Amino acid sequence: MKDARILFMGTPDFAVSSLDALTEAGYNVIGVVTQPDRPVGRKQVLTPPPVKEAALRHGLAVLQPEKIKAEEALEEVLALSPDLIVTAAYGQILPKRLLDAPPFGCINVHASLLPKYRGGAPIHKAIVDGEAESGVTIMYMVEALDAGDMLSKVVVPIEERDTVGLLHDKLAVAGSRLLLETVPRLLAGEIQPEAQDHSAATFAPNIKRADEKIDWTKSAAQIYNQVRGLNPWPVAFTTYEGKVWKLWWVEKMPEAGSKKAPGTIIAREEDGLVVACGSGAVKITELQPEGKKRMSALDFLRGAGSSIEIGTKVGE
């Protein structure tokens, strides 16, 4: 069934592994739909999404509608007559007309163990919440968010020092492998879809600025998970004397800090600043002061941070 006409829809790096897997396995990928090029960085350079770059590398036709629900865009996609649509982090809800069009349906590669963590930031949220495992679910797409019947799953452990970047890469690879196991069985009619338990659903909406700010009344473990769950994007932050510090890494010190107010700097060590939390403390070991580059706390304390005193507070 590798001659089935497969249309791929995706946008960020996470989706590239799945597109690469399908094309390299010899499937008949008839085209790729992705988001439009967007301005990126301080200079706002118009930049193609990673999936577009991968598609062009494979010699595939690319469509980039601003809104997939727009009539002109929808007609252009439907004219390709796909037998199966595969999506991975495309970024838009597909209209019912498109969902109903392919004989084998529309399936999605989602980076969580559904019904947990529906939405746009499941990888971040799993780490921030301190989960021991994540995974990938492939399911049919429906008009509701990540609510379709499930076709297959794979579990991926979350290691103690995993960042969102590391887990993202693990899940991208796991998802592409799962896709190659699932597509032939789906096309052969060998999969019995499993309905999700909607009462057990949890959600992982896209990260907002408020989610990035450290709340020092939380425990050392919670703050550690927040920092690694937002590394390398969008990066957790706190403030010191009105200036933003992005926190790239901290270490848990669960036995320290219990008698000091949360946010108090309780020690200056050679490799970092120890800050009291709601319970325990964390040592800031890598940061990016406002207007500066990312640096080790060692370098910071030898330079711009040399005057920071024990007893002062962050987060105010």
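Select the lining of the largest pocket and colour it by class: 22 residues are nonpolar, 12 are polar and 2 are charged. (Ala, Val, Leu, Ile, Met, Phe, Trp, Tyr, Cys and Pro count as nonpolar, Asp, Glu, Lys and Arg as charged, and the others, Gly among them, as polar.) You are looking at a predicted model, in which local features need pLDDT of at least 70 and side-chain atom pairs count only at pLDDT 80 or more, while totals for chains, interfaces and linings use all residues. Residues are numbered from 1 along each chain as its sequence is written, and side-chain values use heavy atoms, with hydrogens and water left out.

**Stop 1: the largest pocket**

The volume here is about 1000 Å³, taken as the space filled by probe spheres set on grid points joined across faces, edges and corners. Now pick Pro12, Ala89, Gly119, Gly120 and Asn206: of the 36 lining residues, these are the closest to the pocket's centre. (A pocket is an open set of points on a 1 Å grid over the protein atoms alone, where a 1.4 Å probe fits, with protein on both sides within 12 Å along at least five of seven lines; lining residues have an atom within 4 Å of a point.)

Next, show the secondary structure. At least two lining residues come from each of α1 (13-24), β6 (84-88), β7 (106-110), α5 (122-128), β8 (133-140) and α6 (164-187). (These are DSSP runs numbered from the N terminus: helices are H or I with at least four residues, strands E with at least two.)

Stay on Ala89 for a moment. Its phi is positive, about 50°, although Ala89 is not a glycine, and its place is the loop between β6 and α4 (96-100).

**Stop 2**

Keep α1 and α6 on screen. Their axes come within 8 Å and cross at roughly 35°. (Axes are lines fitted to C-alpha atoms over the stretch in contact, and angles run from 0 to 180 degrees between N-to-C directions.) On the α1 side, select Asp13, Phe14, Ser17, Ser18, Ala21 and Leu22; their partners in α6 include His168, Leu171, Ser176, Leu180 and Val183, with contact meaning heavy atoms within 4.5 Å. The residues of this contact divide into 9 nonpolar, 5 polar and 1 charged.

**Stop 2**

Zoom in on β2 (residues 28-33), which runs parallel to β5 and is joined to β5 by 2 bridges. Val33 stands opposite Leu63 in β5.

**Stop 3: the second largest pocket**

This pocket has a volume of about 290 Å³. Of its 15 lining residues, select Val128, Asp129, Asp211, Lys218 and Gln226, the closest to the centre. The lining has 6 nonpolar, 3 polar and 6 charged residues.

**Stop 4: two cis peptide bonds**

Finally, select Leu114 and Pro115, joined by a cis peptide bond with omega of about 10°. Pro115 sits in the loop between β7 and α5. Then move to Trp233 and Pro234, where the bond is cis with omega of about 0°. Pro234 belongs to the loop between α8 and β10 (236-240).

Notes
Pairing = 2+ DSSP bridges.
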